[in-house]
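The sequence and structure are shown first.

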Amino acid sequence: MTRNSVVFMALIVQKYGGTSVGNTDRIKNVARRVAEYRKRGDQLVVVVSAMSGVTDGLIKLAKDIAPLPSEREMDMLLATGEQQTIALTAIALHALGIPAVSLTGAQAGIVTDGVHTKAKIHNITPKQVHELLNAGNVVIVAGFQGETPEGQITTLGRGGSDLTAIALAAALKADLCQIYTDVDGVYTADPRIVPGAKKLEEISYDEMLELASLGAKVMQSRSVEFAKKFGVVFEVRSSLNDNPGTIVKAETKSMEGVMVRGISLDKNQAKVTLVAVPDQPGVAARIFKAIGDANVNVDMIVQNVSHGSGAPATDLSFTVDKPDLLKARKVIDGLKSQIGYKEAIADEKIGKLSIVGVGMKSHTGVAGKMFDVLAREGVNIDMISTSEIKISVVIELSKGESAMRAVHGAFLGA
Ligand code: ADP
Ligand code: ASP
Ligand code: MG
């Protein structure tokens, strides 16, 4: 960071998502935005995602060949999406006469663990980034990817370019971190589902984290976790206009006055029910240890009271991310003879509807009101989980969006 009497030169990390680089016109638009900041004398590190639809397309190609492809090879494949856009963005900047160099995650010094397809960042040594910035370049970094210390390419989980940007902002001690996307900021609910959703001026890390992990895909949840841990304040804003976005930062006293900050709907979960699991100590531990060992995240868990005569047995339900369902099924099937449950039922037609707000800590009656709205809408609640600042329910997927609008109307206006 350099100051002189006239200009303040800032180091800015900007991230552009899939839609923002979705075609060559959009990439040229990104280059123009970057050029404007550069004209002010700022130093820029630009993180880009793959063009929208490209990562999904690559996953589909692999799954057409094998339903459970090697995760190492998936990372090799998926990392190519971002490699296209970094080069195209650099080329677009060159066309405007701006020096720019693209780097892969590995070249930018992003070192991860070896958990393919959802690797965690271990450390970042952005030596090349610093050198290129100091030489006057805009540095374009491929989002969503890194490399293990052994040199294996990894990816950081879906939506992982957000994490690349936040982690780089922390490592570079950037003055500003901007996440450019295809909406004007973080809304009280997905504006594509709830027309009455309102843009938030600010939101706390904890609220953003809950909304993101509960299905609001506007930010990857792990990136928000990282931002909270390292105190990276960031702004979510549109790449298509100049409207101010939403600032995500630590909680302030004034935020507590709002009971419900936002509502999310996660359509990406599946429920597994194990019928008639022997009700003995150690059984749940064995099941969830095996699932954890396969790197499948389990979210909600509900166990019913024992039923049946003779040896006590219970039904055990839990939710996992849909893409992990096949892996979870494989683990569960492998445990069948050892554990002796009767059958395993998978249900992909579920939605998890959640309301989030730090103000819930000091307000009561939120759950009752939410359940009442759902009852009036004729929506049956399948599972419930709560924390200090959120209430989540699992409901039938087909009723998810209308339930979301009704709950939004009741708490945040239509
Ligand atoms: P990008 O490709 O820029 O990373 P994403 O598609 O991952 O963008 O995220 C942006 C999308 O997130 C929006 O188009 C919007 O439909 C969705 N979204 C879900 N919940 C919210 C919310 N609460 N606020 C804003 N957008 C949301
Ligand atoms: N291209 C990756 C994905 O679609 C990463 C990202 O967009 O952030 O998940
Ligand atoms: Mg995204």
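Which residues have the most contacts inside the largest nonpolar core?

The model is predicted. Its largest nonpolar core has 44 residues, and those with the most contacts inside it are Val 45, Val 129, Ile 166, Ile 179, Met 208, Met 219 and Phe 234. Helix H5, residues 161-171, provides the largest share of this core, with six residues.

With neighbours within four places in sequence left aside, Met 208 is in contact with Val 186, Ile 203, Val 218, Met 219, Val 224 and Val 248. Met 219, one of these partners, is also listed with Met 208 among the residues with the most contacts inside the core.

## Overall fold

The secondary structure consists of 11 helices and 22 strands. Along the principal axes, the C-alpha atoms fill a box of roughly 80 × 50 × 35 Å. For 414 residues, a compact globule would have a radius of gyration near 22 Å; the value for this protein is 23 Å, which agrees.

Of the 414 residues, 50% count as buried. Among contacts between residues at least 6 apart in sequence, 74% join residues at least 24 apart.

## The second largest pocket

The second largest pocket holds about 290 Å³ of space. Its lining is made up of 14 residues, and Ile 121, Leu 163, Phe 226, Lys 229 and Phe 230 lie nearest the centre. By class, the lining comprises eight nonpolar, two polar and four charged residues.

Three elements each supply at least two lining residues: strand E7 (121-124), H5 and helix H7 (221-230). H7 gives the most, with five residues.

Where does Thr 319 lie? Thr 319 is in strand E18, which covers residues 313-321. Its relative accessible area is 0%, so Thr 319 is buried. Beyond neighbours within four places in sequence, Thr 319 is in contact with Gln 269, Ala 270, Lys 271, Asn 297, Val 298, Asp 299, Met 300, Ile 350, Met 383 and Val 394.

Ala 216 is placed in the loop between helix H6 (205-213) and H7. Is Ala 216 buried or exposed? Ala 216 counts as buried because its relative accessibility is 19%, and the cut-off for buried is under 20%. With neighbours within four places in sequence left aside, Ala 216 is in contact with Leu 211 and Ser 264. Ala 216 and Ser 264 are 48 residues apart along the chain, and their C-alpha atoms are separated by 5.5 Å.

## Positive phi outside glycine

Lys 173 is not a glycine, yet it has a positive phi of about 50 degrees. Lys 173 lies in the loop between H5 and strand E11 (176-181). With a relative accessible area of 68%, Lys 173 is exposed.

Ala 276, also not a glycine, has a positive phi of about 55 degrees. Ala 276 is located in strand E16, residues 269-278.

Methods. Residues numbered from 1 in each chain as written. Chains lettered and ligands numbered in written order. Predicted model: local features only at pLDDT ≥ 70, side-chain atom pairs only at ≥ 80, totals over all residues. Heavy atoms only, no water. Core = buried A, V, L, I, M, F, W, Y, C linked by side-chain atoms within 4.5 Å. Buried < 20%, exposed > 50% of the residue type's maximum accessible area, 1.4 Å probe, protein only. Helix = DSSP H or I, 4+ residues; strand = E, 2+ residues; numbered from the N terminus. Contact = heavy atoms within 4.5 Å. 1 Å grid on protein atoms, 1.4 Å probe; cavity = no way out; pocket = protein on both sides within 12 Å on 5 of 7 lines; lining within 4 Å. Points joined across faces, edges and corners; volume = space filled by probe spheres on them. Nonpolar A, V, L, I, M, F, W, Y, C, P; charged D, E, K, R; others polar. Rg over C-alpha atoms; globule rule 2.2 N^0.38 Å.
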